[in-house]
Amino acid sequence: MTMQDLPGGWHLERRPLDAAAQPGQWLETAGGRKLPILRAGPGWSEVLYAGEPAPAGVRLAGEPFALAPPPRALLLGDESGWPLLVHLAARLRQGPERVKILVLLGTGREPPFKPQPSRIIVPELPAWVIATLPLLEDWNVPARLCAAEERPGCFEGSPLALAAVWLDALQGAADVAVYAAGSATFVNDAARLAAAQRLVFHGRTL
C-alpha cells in the first residue's frame, strides 16, 4: 500500500485488490468506513478520501453502476462521492457506445487538486462557470465544479442546482441517465431531481 498526502487533509492511496473493482464500488474497513475508488486496474485500486488515514484491512463493497446508459450521462457528486464518478467517467468514455458525459462536482473543503479553467464549452451552462477537475479535462470529459462559497470559476451552489439549470436548458432531457454519489441527503435529492424529469437514476451513498 502506498499513500500520498494531498492538500485539504485528503489522502490518495493505492492498495492491492484481488478482485477487479467496478465503477460504483468502494473499499470498506472493518469498522464500516467507506473509501471511494477513484481508479482501478488488475490487482490494484486507488482510493481518494479526506480525514484520518484508514487502516490497512479493507474489503471490496457496493454494487457496480449499471453501464448501459442512454446517449447522455449526467454525473453528480458531492465532496464524499465524486471519486466514484471519476471512476465511472473513465469507464463510460472507453465503452463501445458513444455516451455524452457531463460531470458536476461539489467541493466543500480545500480540494485535493488545483482547479483549472476548462477549454470544453458546455453551451447550456453559465459561461463564467469554467472551473474543472484537471484529470477529467485531460480525458476530454466536460466537468464543472461547484462550491457553497464564492470560488474562482466555480458555480456558487450545489451540483444539483447547476444540474437543474442544465436540464432546463436542454428543452427535453428524456435521453439522460443520472448517476449520483455522496451523502444520503445528496443522493436522495438527486433522485428527486431525476424523478421530476422522469429520468433513469442510479445512486450510491457513502
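Student: Which residues of α3 are buried?

Tutor: This is a predicted model, and in it Pro159, Leu160, Leu162, Ala163, Trp166, Leu167 and Leu170 of α3 are buried.

Student: And where do those buried residues sit when you look down the axis of α3?

Tutor: They fall within an arc of 155° around the axis of α3, so they line one face of the helix. As background, an α-helix has 3.6 residues a turn, so residues three or four places apart point the same way.

Student: What do the buried residues of α3 pack against?

Tutor: Their partners are β7, β8, β11, β12, β13 and α4.

Student: How many residues does α3 have, and how far does it reach?

Tutor: Helix α3 covers residues 159-170, which is 12 residues, and it reaches 17 Å from its first C-alpha to its last, close to the 16 Å expected at 1.5 Å a residue.

Student: OK, switching to the core: which residues touch the most other members of the largest nonpolar one?

Tutor: That core has 35 residues, and those touching the most other members are Leu75, Trp82, Leu85, Val103, Leu105, Leu136 and Tyr179. Two or more residues come from each of β2 (10-16), β7 (72-77), α1 (82-94), β8 (100-107), β11 (143-147) and β13 (176-182), and α1 gives the most, with eight residues.

Student: Which residues are in the second core?

Tutor: The second core is separate and has 24 residues, including Leu104, Val122, Phe155 and Phe186.

Student: Back to Trp82, what does tryptophan 82 touch?

Tutor: Leaving aside residues up to four places away in sequence, tryptophan 82 touches Trp10, Leu38, Leu48, Leu105, Gly106, Pro112, Phe113 and Leu133. Two of those contacts come up again in an aromatic cluster, which is formed by Trp10, Trp82 and Phe113.

Student: How many aromatic pairs does the structure hold?

Tutor: It holds four aromatic pairs. In one of them, the rings of tryptophan 82 and phenylalanine 113 have their centres 5.6 Å apart and their planes at 85°, so the pair is edge-to-face. Tryptophan 82 lies in helix α1 and phenylalanine 113 in the loop between β8 and β9 (116-117), so this pair ties together parts that are 31 residues apart in sequence.

Student: Are tryptophan 82 and phenylalanine 113 buried or exposed?

Tutor: Both tryptophan 82 and phenylalanine 113 are buried. Another aromatic pair, tryptophan 128 with phenylalanine 155, is stacked, at 6.3 Å centre to centre and with 15° between the planes. Tryptophan 128 lies in the loop between β9 and β10 (131-132) and phenylalanine 155 in strand β12 (residues 155-156), so here the parts tied together are 27 residues apart in sequence. Phenylalanine 155 has 12% relative accessibility, so it counts as buried.

Student: What lies over the face of tryptophan 44?

Tutor: Arginine 14 does, at 3.7 Å from the ring centre.

Student: New topic, backbone angles: what is the phi of asparagine 140?

Tutor: Asparagine 140 has a positive phi of about 65°, although it is not a glycine. For context, most residues other than glycine have a negative phi. Asparagine 140 is found in the loop between α2 (134-138) and β11, and with a relative accessible area of 57% it is exposed.

Student: And where is arginine 198, and what is its phi?

Tutor: Arginine 198 is in the loop between α4 (184-196) and β14 (200-205), and it has a positive phi of about 60° although it is not a glycine. At 79% relative accessibility, arginine 198 counts as exposed.

How values were computed. Residues numbered from 1 in each chain as written. Predicted model: local features only at pLDDT ≥ 70, side-chain atom pairs only at ≥ 80, totals over all residues. Heavy atoms only, no water. Core = buried A, V, L, I, M, F, W, Y, C linked by side-chain atoms within 4.5 Å. Buried < 20%, exposed > 50% of the residue type's maximum accessible area, 1.4 Å probe, protein only. Helix = DSSP H or I, 4+ residues; strand = E, 2+ residues; numbered from the N terminus. Contact = heavy atoms within 4.5 Å. Phe/Tyr/Trp six-rings, centres within 6.5 Å; stacked < 30°, edge-to-face > 60°. Lys NZ or Arg CZ within 6 Å of the ring centre and 35° of its normal. Expected span 1.5 Å × (residues − 1). Arc of directions from axis to C-beta.
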